[in-house]
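This report describes selected secondary-structure elements and how they pack. The sequence and structure are shown first.

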Amino acid sequence: MRDEAAVTAVGWARSLPVSSGVKAARDWTRSHLETLDWFAREPDQVDAVLLTVSELVTNAHIHAHSDAQLILTWDCACLHVTVHDSAGGLPQPREASEDALGGRGLMLVDAMADQWQIRSCTRGKDVIACFRPATA
């Protein structure tokens, strides 16, 4: 007998050294979204996911001065995008002036993700964004 409460999930993880750049993170994420058929089923969400990956990996590289571990987990209800860095301290959303070149990353994540959170870990932190498909 099948347990209806069981959760089936798939996931992928990749380490992104500071030297790898954010494009590698987007390309890697894009390839996994293709395997999940999100380009056909969730085209509006694809751009939001890719921009979130860009912002979170950039934050890990630029602000945390850390390599980033990018983890994607799909549980058929939510795509969880997690970026781990090894820096202590939690990021704080901030107000950016109109002419500022940066400072809007977490505001963008907040606007695009269905929900997001920051978790402090023994060796750094995780920033997790959840994207629920419209077709779920």
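Two strands pair if DSSP finds at least two bridges between them. The model is predicted, so that local features need pLDDT of at least 70, side-chain atom pairs count only at pLDDT 80 or more, and totals for chains, interfaces and linings use all residues. Residues are numbered from 1 along each chain as its sequence is written, and side-chain values use heavy atoms, with hydrogens and water left out.

Helices (H or I, at least four residues) and strands (E, at least two) are DSSP runs, numbered from the N terminus. The elements discussed are these:

| Element | Residues |
|---|---|
| Helix α1 | 22-35 |
| Helix α3 | 43-63 |
| Helix α4 | 105-112 |
| Strand β4 | 115-121 |
| Strand β5 | 124-131 |

Strands β4 and β5 run antiparallel and are joined by seven bridges. Ser120 stands opposite Lys125 in β5. Two residues lie between β4 and β5, which form a hairpin.

Helices α1 and α3 pack at an angle of about 145° (on a scale from 0 to 180 degrees between N-to-C directions), and their axes, lines fitted to C-alpha atoms over the stretch in contact, are 9 Å apart. In α1, Val22, Ala25, Arg26, Thr29, Arg30 and Leu33 meet residues of α3, including Val46, Leu50 and Val57; contact means heavy atoms within 4.5 Å.

The buried residues of α4 pack against α3, β4 and β5.

Terms used. Buried means under 20% relative accessible area, exposed over 50%, partly exposed in between (1.4 Å probe, protein chains only).
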